[in-house]
Amino acid sequence: MFPYELYVSFLAVASLVCIPRATGAACEPVRIPMCTLMPWNMTKMPNHLHHSTQANAVLAIEQFEGLIGTQCSPELLFFLCAMYAPICTIDFQHDPIKPCKSVCERAKCGCEPVMKRYNHTWPESLACEELPVYDRGVCISPEAIVKAEGPDNPYYQESKCSSDLPAEFQDENCKGSSSEPCKCKTVRLAQKTYLKNNYNYVIRARVKEVRSRNHDFSAVVEVKDVLKSSLVGIPRDTVTLYYSSGCPCPPLSANEEYIIMGYESEERSRLLLIDGSVAQKWKDRMARKVKRWDQTLRDQSRFGRNTARRSRH
């Protein structure tokens, strides 16, 4: 079992120095330009995509530069760098640490709809299904990273309790506590949040129940109105919303009516509640706000396509 301090050190210390093992290649400085601002600066080849050198990885990751520019998901760059320039540490040189499954799902849910507008789909090489989750193996996610410099780091999180951390890596104050690891972050419902997170669906729904099975949570809701849906047909009926971690965040209470914003899994025809999703008590004025924000999002997308088109001529 590794101490939590070791976990923090290999995630957070920007000046980490790695000593190669006799049977493994040495860690090397990250030289992929898109990944130099990640909270690690040492990597090892071959990466998770089997690129033998960083030069090869650069050519492959640069194909996502335009997608990153759309800001379809705040998780996309972190996820790509964790795959193409995986973190390298003394203790994990032989088995580089992968990004958590939830990070992949957040990136995919936000960005695959954008890709489909241009007749592309999420690459099979970046499939989320085989990536580790917090209770089945070590993995990295932005919310698990703690850095001494504090809030200046875009991946800083003050709490050391994270649903994506295995129990042995939880902060001492989190162990043995049933409520602390599941403390949900408050996501303020505002235009900035809506535009940044690019939700796939927005519904008005009354919660019937929240279920738990083997630490997997889901919420059964009665849909009153569909304000937005892009991938999965949502009936005005009883549907299930699936949480992606062992914590029911955002929290929902039975018999309460909410506006719920989340993501869709087209392959599994599922509505997802993952990090960044919003659930707030329903108020009538929210429907007008969402329509206005969605129009702004479409205008921004149209402006981006026109700008890209002009730059090619």
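Residues were classed by relative accessible area as buried (under 20%), exposed (over 50%) or partly exposed (in between), with a 1.4 Å probe and protein chains only. The model is predicted, and local features need pLDDT of at least 70, side-chain atom pairs count only at pLDDT 80 or more, and totals for chains, interfaces and linings use all residues. Residues are numbered from 1 along each chain as its sequence is written, and side-chain values use heavy atoms, with hydrogens and water left out.

Val-226 has a relative accessible area of 27% and is therefore partly exposed. This residue is part of strand E6 (residues 216–229); strands (E, at least two residues) and helices (H or I, at least four) are DSSP runs, numbered from the N terminus.

A total of 9 salt bridges was found, each being a side-chain nitrogen of Lys or Arg within 4 Å of a carboxyl oxygen of Asp or Glu. One of them joins Arg-236 and Asp-225 at 2.9 Å, N to O. Arg-236 is in the loop between E6 and strand E7 (238–243) and Asp-225 in strand E6, so this pair ties together parts 11 residues apart in sequence. Arg-236 is exposed, at 61% relative accessibility, whereas Asp-225 is partly exposed at 23%.

Glu-256 and Lys-281 form another salt bridge, with an N to O distance of 3.9 Å. This pair links distant parts of the chain, 25 residues apart: Glu-256 is in the loop between E7 and strand E8 (257–265), and Lys-281 is in strand E10 (residues 278–281). Glu-256 is partly exposed at 32% relative accessibility, and Lys-281 is partly exposed at 42%. In the bridge between Arg-211 and Glu-209, the N to O distance is 3.1 Å. Arg-211 is partly exposed at 40%, as is Glu-209 at 35%. Salt bridges also link Arg-204, Arg-206 and Glu-257 in a network.
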